[in-house]
Structures are given as structure tokens and as C-alpha cells.
Amino acid sequence: MHPTTESPQMIDDREAAGDITDAIFALEDVTIRYGSAVAVREVSLEIPRHEITAIIGPSGCGKSTLLRSLNRMNDLVPSARVDGRVRYDGHDLYGEGVDPVEVRRRIGMVFQKPNPFPKSIYDNITFGPRVQGIRTGLDDLVEGSLRAAALWDDVKDKLQQSALALSGGQQQRLCIARCIAVSPDVILMDEPCSALDPIATLKIENLMRDLRERYTIVVVTHNMQQAARVSDRTAFVTLDVDEEHGRRAGVLVEYDTTARVFTQASDARTEGYITGRFG
Amino acid sequence: MSRGTARANPLARSSGRPGEKVVLGLLFACGALSIVTTVAIVAVLLVEGSAFFGSISLVEFVTDTRWQPFGEPGSAGFRVGIAPLVAGTLLVTGIGLVVAVPLGLGTAMYLSEYARPRARAILKPILEVLAGVPTVVLGFFALTFVTPLLQDIFGARTIDIYNAGSAGIVVGLMIVPTIASLSEDAMSAVPRELREAAYGVGATTRQVVARVVFPAALSGIVAAVILGMGRAIGETMIVSIAAGNLPTLTVMPGAQVQTMTAYIVQAVGGESARGSLTYQSIFAVGLVLFAMTLALNVVAQRVVRRFTQEYG
Amino acid sequence: MGLSTPAAASHRALADLRRPRGRRATEAAAHAVLLVATLAGIGFLAVLLADILRDGVPRLDLDFLISYSSRHPEQFGVLSSLTGTLSLMVLVALFSFPVGVGAALYLQEFAPDNRFTRLLQVNIANLAGVPSVVYGLLAAGVFVYFLGFGRSLFSGAMALSLLILPVIIVASREALRAVPTSIREAGLALGATPWQVTYRQVLPMAMPGVMTGTILALSRAIGEAAPVLVAGAVFSRRATNEPWKMGEAFAAMPVQIFDLVKRPQHAFQIEVAAAGIVVLLGALLLMNAVAIVLRNRYSRRW
């Protein structure tokens with residue numbers, strides 16, 4: 001990354017200018033294919049630690065695919081292939097000998113539609129720690145995770161009840177608590193609010209801001225206002241259509257602090273999307 | 001919270017999980033057992049059956065019209081033509097299909113196109129119950145109810161106590177649920193738009209069924225009949241009880257016959273020593289039986305594959 | 001049907017909205033024929049049950065269930081074949097349930113998408129169509145003679161287990177397939193291994209369907225006489241009283257019924273046999289009822 005011979009003043013200056021001083025992810029020319037079709041082409045960016053980074057863009061342009069490459073969830077699709085380099089804390093995520101299971105213990109994910117297990121709230125949260133061999137201190141872990149997810153007061157008296165009895169917004173916060181319980185470094189969120197009502201959405205957005213202190217958050221959203229409200233940095237991904245060869249792939253068009261992306265976008269396509277001219 | 005500063009690559013597999021590898025290996029073994037079973041079936045039938053063909057002439061096996069594999073080859077009355085057994089099987093199966101195809105198809109058409117949801121909810125489970133009746137019970141019914149009934153209708157001289165007709169009728173009734181449910185699946189798979197197009201130009205239900213649904217579902221229906229035929233050929237208890245144990249080359253439904261399956265049961269009941277010709281003949285007949293049903297199953301699967309290609 | 005003027009045409013059209021009489025008859029006839037065909041199969045079942053109950057119930061009493069076989073029809077009891085069937089079922093369940101569920105787990109959750117996997121699937125479909133008597137021959141060749149287990153409970157149990165294995169595999173796969181993918185994704189995203197997700201989340205969710213399928217498969221095995229006959233059941237007079245000794249000769253209900261039906265004496269052939277059938281059908285009814293209760297009690301809550 002950057003040499004540590006920088007003085008604190010130099011670092012402050014660069015941060016003020018919007019440069020990334022402490023990146024947890026570094027993508028270099030990442031191209032993701034499903035079989036022979038290119039989903040995402042040559043994306044390069046760095047994701048800073050302890051910030052909320054949003055990925056926005058029209059539907060179908062590969063945002064989710066890009067997100068899933070960060071915790072190797074694309075491995076679930078047999079035909080998926082990732083070229084280029086995805087570095088996490090300096091380590092190549094797709095290198096030899098890297099275990100996807102270990103990757104996912106550090107980089108968690110919350111999905112678009114809340115997917116709690118059909119078990120009790122307590123058992124949902126303890127599943128992650130249990131599969132990692134943690135057997136003691138579970139009660140404290142459950143309370144801590146639920147507090148961090150702003151759900152403790154709602155459910156503290158009914159931990160043994162089924163998770164499916166919760167409302168949609170509560171289920172999603174449960175999923176966040178479940179994710180937190182394994183102490184990840186990063187929480188990836190794939191359109192976490194798109195299945196929720198506005199009030200639940202607001203609660204989760206507030207939660208995201210609180211979580212930023214302990215975790216790094218990368219969120220995919222098709223809701224621009226949400227990105228503007230919540231994120232520190234925004235990446236705009238859109239479809240690049242090559243009419244000649246009949247190819248379409250997602251490309252990273254612009255990536256900057258949220259303030260700049262939304263007020264002084266440098267690319268016309270970004271401006272067009274943000275002002276609603278397309279997408 | 002950063003992890004793994006002690007290890008070279010914290011993302012490498014940390015905890016040894018050898019137990020999982022063993023478990024996955026066991027699961028694979030369970031899956032592979034099916035291949036072992038098939039190989040074993042073929043091996044057993046071939047090994048013992050070919051010992052049989054070592055002692056007798058294949059030509060005789062195929063062309064002779066009598067089946068009496070008792071005693072030593074060359075002794076008086078020793079005949080090893082399989083034709084009577086195959087004929088018995090085919091006669092019973094044929095009668096069964098004559099019964100099962102109209103009833104099964106009729107049931108399928110009724111359930112698929114005419115019946116109201118409540119009627120379907122009652123009738124379908126009853127069909128499933130019928131499918132679950134053990135074949136010994138059906139054999140009992142064939143011998144003690146159907147045969148006397150046939151004898152009352154056609155006279156005891158045309159209908160033997162053991163005859164192909166009773167067994168055939170009951171075998172047919174046995175495979176009605178198979179043909180009905182598979183045909184109904186095939187008809188349900190016909191897209192609703194086709195029916196609606198026909199109804200839209202004023203066709204009646206009968207016309208829609210006969211001219212649109214049936215032709216569209218034809219390959220599925222054919223596959224259902226072929227599978228039913230396979231089940232009829234492999235049926236053992238009904239024929240052992242009701243069709244008799246006298247290998248006869250005939251097409252008369254009232255006559256006593258012996259099917260391949262009934263011969264196997266009869267020969268197993270006798271105390272024939274291992275390695276004797278009679279013992280080996282059991283496996284030779286089993287081999288022919290297995291080959292016939294396997295061929296039918298393969299054909300049915302091909303037909304189904306072509307059918308799913310048409311409707312996805 | 002000529003339509004000369006618009007007024008005449010519309011008048012005629014209205015009058016013609018009623019179905020012409022000839023076509024009404026054909027339609028009704030078609031409907032009736034198909035209904036008769038449907039009811040014929042069901043009516044057959046009713047006649048069958050009536051006949052069996054009429055012949056068998058009078059002969060049925062407690063003694064019938066707890067006595068051993070006898071030369072005299074009035075003293076004949078099915079105890080040894082009942083216990084034989086029970087022992088058979090226990091052995092069959094012990095073998096076929098883990099192996100069947102294991103194979104289903106492998107094929108549904110872990111098998112790669114390649115030619116070998118497809119071969120396995122085709123193979124299982126073919127095995128489902130093999131006549132039951134061939135499974136008896138298989139058990140005879142391999143277990144009775146080659147491995148030397150003889151005509152024993154074990155050989156019979158193996159014949160039945162292999163027979164119903166495809167049924168269990170197919171039913172279990174269906175149950176596993178019904179579990180939503182989002183559950184697997186959630187589990188994997190938490191850093192669980194595929195086996196941990198399968199074992200701790202997917203399989204428990206599929207278990208009701210798996211159990212139902214297994215019980216139905218076992219209820220099929222209970223009624224199968226041919227493979228058990230060929231693999232060595234003897235007619236009860238020679239069977240021991242404690243058939244959980246796996247190496248010994250044994251009896252089974254369907255085989256017992258077969259023997260009874262073949263006897264010349266009317267009392268055996270009709271009454272005692274029918275009574276035995278009632279017992280067998282009763283056991284079947286019980287198993288199916290358990291399966292249905294299971295299915296309803298645990299029907300999908302997600």
C-alpha cells in the first residue's frame with residue numbers, strides 16, 4: 001500500500017483530498033465471467049477500511065457479481081471465473097491454497113431477501129460461532145450481536161421463538177446480527193433494503209452508520225438516495241455495450257467520495273444516471 | 001480485529017477437517033453402490049446363466065417349443081425351449097394391456113380434463129392406495145374371485161382353474177395406476193395456451209382432449225404404457241398364484257400357462273442343488289427377463305427425453 | 001350455416017347458442033365413458049377389499065395373531081411370519097435408510113455436474129424398473145451362495161433393501177431439492193463448510209419428507225413376496241421362533257400368504273389366507289397412516 005514514512009499531516013491532507021490511505025480490498029483489473037459471457041470487465045478500485053462503500057448502477061450490470069467476488073460466493077456457480085487480482089489485506093483471495101470457508105469467516109454477507117434459518121433467534125445467531133468450534137460464552141455473544149444490530153430490545157424476551165415470526169425488517173437485522181456474531185472484518189450487503197418498507201430501511205441505514213466503526217461495509221444498492229445518504233464512497237458501475245461484437249459487460253465508470261460523485265461527477269454517464277436520465 | 005498475523009497465509013485452510021473428507025467419501029460410496037448393484041445383477045445373471053448356455057444349445061433355447069429343464073440333458077423329455085415361458089409372459093401382459101390402457105388412459109383424461117378439484121382430491125389418493133396393494137393380495141383375488149367369475153360367464157371348460165386370463169386382467173388392473181398417473185403428468189404438461197386456443201374457437205372438451213391434448217401428450221403417454229408393460233412383464237405373484245405352472249405355447253386366455261417369473265418361483269421352491277442344470281436355468285430365464293425389462297425401460301426413457309425436448 | 005343478412009344472422013346466432021342436440025349427446029357420452037373408466041379401477045379396489053374382508057374377518061381373532069402355524073386350519077396362526085416380517089423390516093430399515101439418504105445427499109448436494117454423476121442418476125432410474133424377482137436372484141447369487149450367508153434373514157433383508165433403495169433415493173432427493181437455496185447461501189456466507197450447512201440446516205429441514213419417503217418405501221417392502229421367496233424364506237413350519245438371528249431360516253407374511261393360497265384345502269386357501277391378508281393390509285395401513293401424520297405435522301413452515 002502506501003509507505004509508512006508519511007507524516008500524520010501528510011495522511012490527513014490526503015484524506016481530506018479523498019485519497020484512500022488504508023485499503024482493505026484492492027482490485028486490479030478484475031474480470032468475472034460466467035462461462036464465456038463476461039459479467040464484469042476490468043474493474044480496479046480500492047475499498048477503504050471502516051468506511052461504507054456503495055456500488056450503484058442500473059440493474060443487471062454486474063454489481064452483485066462484483067460484490068460476491070469479494071467473499072468468493074461466486075464459487076457457488078460452477079461456470080464462474082475470476083481473472084485479475086482481488087486482494088484482501090494484502091492476500092490474494094483467489095490464490096493457491098486459499099480456503100473459501102476461511103474467506104467467508106472474515107468477509108460476511110447479508111442478502112437481498114432476509115434468509116434466517118427456520119430456527120429460534122438464539123440458534124440463528126449461534127450457528128456461525130458453533131460451526132467454528134466456539135461452544136462457550138454463547139449467551140453473551142448473542143446479546144452482543146443483537147445489541148450491535150439494534151435488535152436486542154425487540155427480541156430479548158423471546159430468544160427461543162422462531163426467527164420466522166419476526167417482521168421483514170427485524171429478520172434482516174437478525175441476519176446482520178448473525179453475520180456479526182462471527183466477528184468478521186467486512187460486511188457485504190447485497191441490496192439489503194430492497195425487500196423492506198421505508199421505516200425498516202431507515203433503521204438499517206442508521207445501523208449501517210453505527211457498524212462502520214467496527215466493520216468495513218460494502219453495499220450494493222439500486223437506490224441512489226440511499227447511497228447518497230449512507231456511504232462515504234460510491235462506485236458507479238454500468239453496462240458497456242459493444243454493439244459490433246454483441247457483447248455487454250459491467251464496467252466501473254466512476255469511483256470517488258460520495259460527495260464528489262453526486263455533485264461533481266466527472267463522467268457523463270454517471271451524471272446521466274444520477275439525474276435520472278437513464279437507469 | 002485482525003487475525004492470523006502468526007500464520008503465513010491466514011486464508012489457508014486452518015482447522016484440519018479430515019472428518020469431513022471421510023464423510024463425503026462415505027456419501028460417495030452410498031451413491032456408487034447403485035452402480036455396484038447393477039454390475040452385480042448383470043454379473044450374477046451372466047455367470048450362472050452362461051453356465052447354463054454352456055451345456056445346452058442356444059439354438060434350441062430360442063427355437064424349441066417345450067420347456068422341461070428337469071433331469072440331465074439328453075434324457076428323455078428334457079427340453080429347453082424358452083418360447084412357452086415367453087409366450088406365457090406376453091399373453092398375460094397383452095391381456096393386461098388390453099385392460100389397463102383404456103382404463104388407465106380414461107382415468108388420466110378424466111382426472112386431467114374433466115374432474116373438478118374436489119373430485120381429483122378424492123380420486124387421486126384412491127389410485128395411490130390401489131398402487132400400494134401387495135401383489136400376493138391381488139393374486140389371491142385373481143384366483144378366488146376373478147377365475148370363478150370368468151368360469152361362471154364362459155363355462156368351466158373354456159376357463160381353467162389356472163388361466164392366463166384371470167391373471168392378465170388383474171395384472172392389468174395392477175398397472176392402471178402407473179399408466180394413469182404418468183399419462184396424467186404428460187397431459188398436465190401440455191401448455192394451457194394450447195387448450196385455450198382450441199376452446200377459444202369453440203371446441204368442446206371432448207374435442208380438445210381428443211385433438212389437442214392427447215396428440216400433444218402422446219410421447220409421454222406412450223412412455224407410460226411402455227413402463228406399464230415393463231411392470232407387467234416383471235410381475236411375479238399374481239401369475240404364480242393364478243396363471244398356473246404349465247408352460248404352454250398358446251394364445252387362449254382360458255388356458256393354463258407359465259410365465260418366466262412364475263418359473264423362477266417354482267424352480268426356486270424345489271430343492272435343486274447349486275450347479276445343477278435346473279438351478280442354472282433359473283438364472284438363464286432371469287437373464288432373459290432382465291434384458292426384456294431393461295430394454296423397455298431404456299426405450300421409455302428415450303421417448304420421455306424426446307417428449308421433454310418438445311415441452312422443455 | 002349461411003348468414004344472409006346481418007339481422008337474420010344475429011337472430012340465428014342467438015338461437016344457435018344452445019348446443020345442438022347431437023353434439024350434446026356425444027359430449028355427455030364421452031364424459032360418461034371416461035368417468036366409468038375412472039370408477040372401474042376404483043370399483044375394483046372396493047370389490048377386492050370387500051371380498052377379502054368377507055373371507056378373512058370371520059377367521060380373524062387374537063389367537064390368529066399369537067399362534068404358530070399348524071396343520072389344522074382352525075389352529076393356524078401367523079405369529080412366526082409376523083415376527084419374521086418385523087425382523088425383516090428392522091434390518092431393511094437399518095440398511096436402506098442411511099445408504100439411501102447418503103446417496104441422495106451425495107447426488108443432490110455434493111456431486112459435481114459431470115458424466116459420472118449423470119450415469120449414476122440414469123442407473124438409479126433403471127434400477128427402479130428392475131422386476132422384484134431379479135433382486136431376489138441377485139441376493140441368491142451374491143448373499144446366499146457366493147458370500148455363503150445361506151437362505152437367511154440377512155439375505156432376504158438385502159434383497160428387499162436393494163429393491164427399495166431407488167425409491168428412498170428419489171424421495172429424499174425431492175425433499176432436499178425443496179429446501180430453498182437461500183438457506184444454503186446464508187450458511188455458507190457465515191463461513192460454514194458445505195457439509196456443515198447440509199448437515200445442520202438442509203438435512204433437518206428435509207427430514208420430514210425423507211422420513212415419509214422412507215416409510216412409504218418400507219411399506220412397499222413389507223408386501224413383496226417374490227424377492228424374499230427367491231432369497232430364501234421358508235414356509236413357516238420350518239422357521240425358527242426368533243428370527244432376529246440373521247443367519248437362520250425365516251418366514252415372512254407375504255410368503256406365508258402365498259403358501260396358504262397354494263394349498264388345496266379350501267379352509268386354508270380362502271379363509272386363513274384372507275385372514276392373513278387382512279393382517280398384512282392392517283400393517284400397511286398403519287405404516288401409511290404414520291407417513292401421512294408425519295407429512296401433515298411437519299409440513300413446510302418456511
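Which domains does the domain assignment of chain C give, and where are their bounds? After that, please take me into strand E8 (residues 216-220) of chain A.

Modeller: Happy to! Please keep in mind that this is a predicted model, where local features need pLDDT of at least 70 and side-chain atom pairs count only at pLDDT 80 or more, while totals for chains, interfaces and linings use all residues. Residues are numbered from 1 along each chain as its sequence is written, with chains lettered from A and ligands numbered from 1 in the order in which they are written.

Chain C is assigned domain 1 (19-59) and domain 2 (62-297); such bounds come from an automatic or database domain assignment. Between the C-alpha centres of these two domains of chain C there are 33 Å. Domain 1 of chain C brings six residues to the contact and domain 2 of chain C brings eight, where contact means C-beta atoms, placed from the backbone, within 7 Å.

Now to chain A and your strand. Helices (H or I, at least four residues) and strands (E, at least two) are DSSP runs, numbered from the N terminus. In E8(A), five of five residues are buried, meaning that 20 or more other C-beta atoms, placed from the backbone, lie within 10 Å of a residue's own. One side shows Thr216(A), Val218(A) and Val220(A), the other Ile217(A) and Val219(A), and both faces are covered.

E8(A) also has strand partners, and two strands pair if DSSP finds at least two bridges between them. Strand E3 (residues 52-56) of chain A runs parallel to E8(A), joined to it by four bridges. Here Val218(A) sits opposite Thr53(A). Strand E7 (residues 186-190) of chain A is parallel to E8(A) too, with five bridges. Val218(A) turns up again, as the bridge partner of Leu188(A).

Among the buried ones are Gly169(A), Arg173(A), Leu174(A), Cys175(A), Ile176(A) and Ile180(A).

To find your way back to E8(A), look for Val218(A), opposite Thr53(A) and bridged to Leu188(A).

How values were computed:
Two residues are in contact if their C-beta atoms, placed from the backbone, lie within 7 Å. A residue is buried if 20 or more other C-beta atoms lie within 10 Å of its own, exposed if 12 or fewer, and partly exposed in between; C-beta atoms are placed from the backbone.
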